[in-house]
Amino acid sequence: MSKFTTMQQLAIDSDGQNILVSAGAGSGKTSVLTARVIRKLKQGNNIDQLIILTFTNAAASEMKQRIKKAIQQDSSLHGQLAYLDNAIISTFDSFAARIVSQYHYYLGRSSQEAISDPIFIQFQKEQLISSIINRHFDKSNPTFIEVMNRLFDKGDKLLHEGLGTLLKGLERLPDPIQYIDNYEQRFLSDEAINHQLERFTQQLLDQ
């Protein structure tokens with residue numbers, strides 16, 4: 001009796017087209033992907049001919065260990081152990097970095113490029129925010145000075161934190177530049193403000 005559900009087995013066996021599987025936490029994604037890889041190996045593919053990507057280093061490590069264990073448990077696949085160290089079982093980021101490193105001359109990039117440390121990236125973001133705030137102070141922009149006096153009269157710490165929070169939110173959007181470009185029209189135009197006032201008035205009337 002199969003240990004997989006009908007839909008899991010379908011994900012394991014589907015071939016000849018792109019497939020998208022939506023599955024929540026704890027639903028057996030790793031087991032299903034491992035079984036799919038083993039099926040590919042039994043069809044004659046070598047493990048180093050497959051590209052197996054996950055989102056985290058921990059998930060990639062677990063995936064590799066599960067695939068290795070499954071290969072060891074099947075005597076017909078023991079030859080795949082020789083290819084396992086060269087197999088691409090990694091995160092999306094690591095795979096992208098590998099492509100850039102290997103084909104940097106096609107991309108016009110340095111072969112030494114690597115994934116930046118998250119701590120370094122966060123430091124750079126904070127430095128950038130500080131430099132933008134300081135630039136506006138240096139220019140003595142009247143609008144900026146008025147906003148600071150009204151909302152941040154005790155210093156720019158809260159402004160710095162607010163911009164950091166805003167940046168995190170923008171990073172989650174598919175096209176943050178377009179969102180910023182359209183923000184004034186969508187939220188600050190006369191039409192948008194009147195629409196918001198109408199909604200607010202209607203909510204008061206409904207209470």
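Author: Let's call it a contact when heavy atoms lie within 4.5 Å. Of the contacts in the chain between residues at least 6 apart in sequence, 51% link residues at least 24 apart. Keep in mind that this is a predicted model, where local features need pLDDT of at least 70, side-chain atom pairs count only at pLDDT 80 or more, and totals for chains, interfaces and linings use all residues. Residues are numbered from 1 along each chain as its sequence is written, and side-chain values use heavy atoms, with hydrogens and water left out.

Now zoom in on T34, which sits in helix α2, residues 29–42. Helices here are DSSP runs of H or I with at least four residues, strands are E runs of at least two, and both are numbered from the N terminus. Is T34 buried or exposed? T34 is buried, at a relative accessible area of 8%; the cut-offs are under 20% for buried, over 50% for exposed and partly exposed in between, with a 1.4 Å probe and protein chains only. Leaving aside residues up to four places away in sequence, T34 touches M63, R66, I67 and A70.

Stepping back, buried residues make up 20% of the 207 in the chain. The chain has ten helices and two strands, running α-α-β-α-β-α-α-α-α-α-α-α from the N terminus. Its C-alpha atoms fill a box of roughly 75 × 55 × 30 Å along the principal axes.
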